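Subject: Structure handover

Hello,

Here is the structure for you to look at. My notes follow below.

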Amino acid sequence: MFGMTVFESVLERLRAEAREAEEEIAEEHGPGPVRGLSSGFAGLGATGAFMSGSQAAAAYLDLYEAPAPPEPESPPEEPASVPEHLLRITPEAVAEDLALAGRESIDDLAARRRSFARENHPDRAPAELRANATLRMKIANMLIDETIRRIHVERSLGL
């Protein structure tokens, strides 16, 4: 123990105690598990003698689990109804859905953008229609941004 750090001396003492405990168990119960394996060796019985094939098979019966019975098949799920508005992907159809007349205020356009996003955002769309929802959002944002740009131009020109 001399010349060791405190940590090393504690580790050495713990290893010695573990060896002593293993020796006591081996004296009381016979040989323990084979080193390197996480459980005992199936070929050796409690006495340390080799077991017969049926004895070895019986040693593992407590680990056996009967296979679970197959679950009854459920009827196929009805496909979710496709939101019809997500199939309308032309700029004209999106403009119609936005109900843009060209006389809206900027605040009204911002409100329409939020409302349109609630109904059409790709994160809320079914997986197979996310591309359509993305395209609808792009078109709607483009139309609203263009309308807002036109309002700013008209205001700057005094129209």
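Buried here means under 20% relative accessible area, exposed means over 50%, and partly exposed lies in between (1.4 Å probe, protein chains only). This is a predicted model: local features need pLDDT of at least 70, side-chain atom pairs count only at pLDDT 80 or more, and totals for chains, interfaces and linings use all residues. Residues are numbered from 1 along each chain as its sequence is written, and side-chain values use heavy atoms, without hydrogens and water.

The overall picture: the protein chain has 5 helices and 0 strands. Both are DSSP runs numbered from the N terminus (helices H or I, at least four residues; strands E, at least two). Of the 159 residues in the protein chain, 17% are buried.

Now helix α3, residues 91-98. Its buried residues are A93, V94 and L98. They sit on the same side of α3, because they cover an arc of only 140 degrees around the axis. That arc is taken from the directions from the helix axis to the C-beta atoms. E92 and E96 are exposed on the other side of α3. What do the buried residues of α3 pack against? They pack against α4 (106-120) and α5 (130-157), with contact meaning heavy atoms within 4.5 Å. A99 follows α3 and has a positive phi, near 55 degrees.

One last item, in helix α1 (residues 6-29): V10 has its place there. V10 is partly exposed, with a relative accessible area of 31%.

Best wishes
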